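Please read the points below alongside the structure, which is shown first for orientation.

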Amino acid sequence: MSVALESSSSHATSSGATRWAQLTFGIICMVMIANLQYGWTLFVNPIDQKYHWGRAAIQVAFTIFVLTETWLVPIEGWLIDRYGPKFMVCISGVLIAIAWVINAAADSLFLLYLAAAIGGIGAGIIYGAAVGNALKWFPDRRGLAAGLTAAGFGAGSALTVVPIANMIATSGFESAFLWFGLGQGIVVVIVGFFLRAPAGGPPPAGATVEQTRRDHGPGEVLKSPSFWVMYVMFVMVGTGGLMATAQLAPIAKDFKVDGVSVSILGLTLPALQFALSIDRVLNGVTRPFFGWVSDTIGRENTMFVAFMLEGIGIYALLHYAADPLMFVILSGMVFFAWGEIYSLFPATCTDIYGRTYATTNYGMLYTAKGTAALLVPLGNVLTTATGSWTAVFIIAALLNIAAAVMALVLLRPMRQRAMSQT
């Protein structure tokens, strides 16, 4: 286990144009994998219309993608921490291209699931490398840096929602899978060649948020109660957001608002396309915004505000989803209050456990997203059993409210005790 004193002697190592360039490279890679998750909802109904496999069976592919994207990140993170991000990110660019090419030709659930697994592995490597690099290059602004990087994943698909939807409508979902898959993979391979981890000694101590002065290895982190409290909170909050991500198109269709035109600030689009576009933007903006806020007022205080806002938004969406305008506004509110978990949790994890193993340690915490994904198909099952989305929305809202309380009542005092011992 190494010791990393936060000193100003190596300020040049992780400041200036170099670290901002590295942050930019990571963001570009994240933008290129955004459609693998956030564009998926556009394909669910067209696939079902062609093959009649059922939405629940098709959504298993989404779960497989998220599981492989998250549960393998600890291993991938260890390799990235040890050997650097360049090689593995370039390989992952090839994997995500292969995944969508398979999707384009998939005429069975097996091939759909295989593509999801391959894409998940590729996306997980990119996600771990980009976020881990941001955490290492920006110890003084971890919330902001992790948020900007995660914003690439959250908002990266905003500009392609309409083009993908239009290509699906005019050329079929197979063409959308093929051409967007190839394009995204090629860009990742090119940009991946420029990624590198920071070299030299420990980073400067410019952060206002308290940080550990000792690096903790993965084995030690797994024995920490604070880690498991964060893990449970991540699952609780992640469930509602993933449900909205995967099920937004089916929800819009069931509430009969998907094709209804909505006008906001002079722009008119069908409610579903409008919601998807706004959601992607807000889901991206929230990550650096709440990351910056957490750098200023503290991680747990920010968690409480954001998680409570999401719980209220989900509950309100249940009651007003049949109104096309409210569907667009409230779905945007839900995504705005959800996306920040991808800046708050990595920043908090690295604050507590240090910089050297940042990619590996956050990789272990990030598997909570995979655990939450296991609950996504249950949303279809529960909706079918009850005949409505009511139970799903209420459960998701309650989980977020509970996580908000846990941030102040459990996580903050546990983190403070852990910090006092380092």
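Which side chain meets that of Glu-174 in a salt bridge?

1. In this predicted model, the side chain of Glu-174 meets that of Lys-50 in a salt bridge, with N and O 2.5 Å apart. Because Glu-174 lies in helix H9 and Lys-50 in helix H2 (residues 41–51), the pair ties together parts that are 124 residues apart in sequence. A search of the whole structure finds ten salt bridges.

2. Helix H9 (residues 173–192) also meets helix H5 (residues 85–105), their axes coming within 7 Å and crossing at roughly 175°, which means that H5 runs roughly antiparallel to H9, since angles over 145 degrees count as such.

3. Among the residues that make this contact are Val-89, Ile-96 and Trp-100 of H5, together with Phe-177, Leu-182 and Val-188 of H9. The contact residues divide into 15 nonpolar, seven polar and two charged.

4. Helix H1 (residues 17–38) has 22 residues, which at 1.5 Å a residue should span 32 Å, and the 31 Å between its end C-alpha atoms agrees with that expectation.

Technical notes
Residues are numbered from 1 along each chain as its sequence is written. This is a predicted model: local features need pLDDT of at least 70, side-chain atom pairs count only at pLDDT 80 or more; totals for chains, interfaces and linings use all residues. Side-chain values use heavy atoms; hydrogens and water are left out. Helices (H or I, at least four residues) and strands (E, at least two) are DSSP runs, numbered from the N terminus. The expected span of a helix is 1.5 Å times one less than its number of residues. Axes are lines fitted to C-alpha atoms, for helices over the stretch in contact, and angles run from 0 to 180 degrees between N-to-C directions. Angles under 35 degrees count as roughly parallel, over 145 as roughly antiparallel, 65 to 115 as roughly perpendicular and the rest as oblique. Contact means heavy atoms within 4.5 Å. Ala, Val, Leu, Ile, Met, Phe, Trp, Tyr, Cys and Pro count as nonpolar, Asp, Glu, Lys and Arg as charged, and the others, Gly among them, as polar. A salt bridge is a side-chain nitrogen of Lys or Arg within 4 Å of a carboxyl oxygen of Asp or Glu.
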